[in-house]
Amino acid sequence: MTILDALKADHDEFKGMLKTILTTKDGGKRRQLFGEFKTKLTAHSRAEEKAFYRPLEKTEEGKAEALEGTVEHEIVDRLLADLAAARQPESQKWTARCSVLQELLEHHIEEEENDFFKTARKLFDRTVLEKMGKDFTSEKSKVGASTHSAIAAE
Ligand SMILES: [Fe+2]
Ligand SMILES: [Fe+2]
């Protein structure tokens, strides 16, 4: 599997998870779903930065996109932290903040899949994209494992 297919599969899952979170009314259930979403999205972002943005950043054509993507990840991280820390996930304020996250994420994913993917297809052949896919998957399991041990250590 190429990294582009792996990223796209995650993106589709995240869009679905956010929709479910926003249509869930119960605060406790929302918090639980959001916790799972945050863990998965964080692992995705860190692995994406290493396996996808870093090689792009090393090229003249991909550098600006990789840097812009990284800044968007920072904003997403901040919103994720705010939402996880906020009381009353069933409140209108939480819903508003989560809707902003949804808009931002949809915009970010659209840019990645349209612009970044196009640049990557131009720069890297299929063999390289498949190798990057393997790197992405192994990075993601590393980040995921360290997040779990951090939770277990709390
Ligand atoms: Fe992504
Ligand atoms: Fe991203």
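Angles under 35 degrees count as roughly parallel, over 145 as roughly antiparallel, 65 to 115 as roughly perpendicular and the rest as oblique. Residues are numbered from 1 along each chain as its sequence is written, with chains lettered from A and ligands numbered from 1 in the order in which they are written. The model is a predicted one: local features need pLDDT of at least 70, side-chain atom pairs count only at pLDDT 80 or more, and totals for chains, interfaces and linings use all residues.

**Exercise 1. How do helix 1 and helix 2 pack, and which residues meet?**

Step 1: get the angle. The two helices (DSSP runs of H or I, at least four residues, numbered from the N terminus; strands are runs of E, at least two) pack at about 160 degrees, with axes 10 Å apart. Axes here are lines fitted to C-alpha atoms, for helices over the stretch in contact, and angles run from 0 to 180 degrees between N-to-C directions.

Step 2: name the arrangement. Helix 1 and helix 2 are therefore roughly antiparallel.

Step 3: find the hand. Helix 1 crosses helix 2 in the left-handed sense, that is, the near helix is turned anticlockwise from the far one by less than a right angle (clockwise would be right-handed).

Step 4: list the partners. Contact means C-beta atoms, placed from the backbone, within 7 Å. On the helix 1 side you'll find Ile3, Leu7, Asp10, Phe14, Met17, Leu18, Thr20 and Ile21, and they meet Arg30, Leu33, Phe34, Phe37, Leu41, His44, Glu48, Ala51 and Phe52 of helix 2. Sort them and you get 12 nonpolar, 2 polar and 3 charged. For that sorting, Ala, Val, Leu, Ile, Met, Phe, Trp, Tyr, Cys and Pro are nonpolar, Asp, Glu, Lys and Arg are charged, and the others, Gly among them, are polar.

**Exercise 2. At what angle does helix 2 pack on helix 3, and how do the contact residues divide?**

Step 1: helix 2 (residues 27-57) and helix 3 have axes 10 Å apart at an angle of about 165 degrees. That makes this pair roughly antiparallel.

Step 2: the crossing of helix 2 and helix 3 is left-handed.

Step 3: from helix 2, the contact includes Phe34, Lys38, Leu41 and Tyr53, while helix 3 brings residues including Ala66, His73, Val76 and Leu80.

Step 4: zoom in on Lys38, in helix 2. Leaving out residues up to four places away in sequence, Lys38 touches Leu80 and Ala84. With 18 C-beta neighbours inside 10 Å, Lys38 is partly exposed. The cut-offs are 20 or more other C-beta atoms within 10 Å for buried, 12 or fewer for exposed, and partly exposed in between, with C-beta atoms placed from the backbone.

**Exercise 3. How do the axes of helix 3 and helix 4 cross?**

Step 1: helix 3 (residues 63-85) and helix 4 (residues 92-123) have axes that come within 10 Å and cross at roughly 160 degrees. They are therefore roughly antiparallel.

Step 2: helix 3 passes helix 4 in a left-handed crossing.

Step 3: among the meeting residues are Ile75, Val76 and Leu79 of helix 3 and Leu101, Leu104 and Phe116 of helix 4. The tally reads 11 nonpolar, 3 polar and 6 charged.

**Exercise 4. Are Gly62 and Gln88 buried or exposed?**

Step 1: Gly62 sits in the loop between helix 2 and helix 3. It has 23 C-beta neighbours inside 10 Å, so Gly62 is buried. Its contacts, residues up to four places away not counted, are Leu56, Glu57, Thr119 and Leu123.

Step 2: Gln88 lies in the loop between helix 3 and helix 4. With 11 C-beta neighbours inside 10 Å, Gln88 counts as exposed. Check the backbone there too: Gln88 isn't a glycine, yet its phi is positive, about 50 degrees.

**Exercise 5. Which residues have the most contacts inside the largest nonpolar core?**

Step 1: define the core as a set of buried Ala, Val, Leu, Ile, Met, Phe, Trp, Tyr and Cys residues joined through C-beta atoms within 7 Å.

Step 2: the largest has 16 residues, and Ile3, Ala51, Phe52, Ala120, Leu129, Met132 and Phe136 have the most contacts inside it. Helix 1 (3-23), helix 2, helix 4 and helix 5 (126-153) each give two or more residues. Helix 2 supplies the largest share, 6 residues.

Step 3: follow Phe52. Neighbours within four places aside, Phe52 is in contact with Ile3, Leu7, Met132 and Phe136.

Step 4: a second, separate core has 10 residues, including Leu18, Phe34, Phe37 and Leu80.

Technical notes. Contact = placed C-beta atoms within 7 Å.
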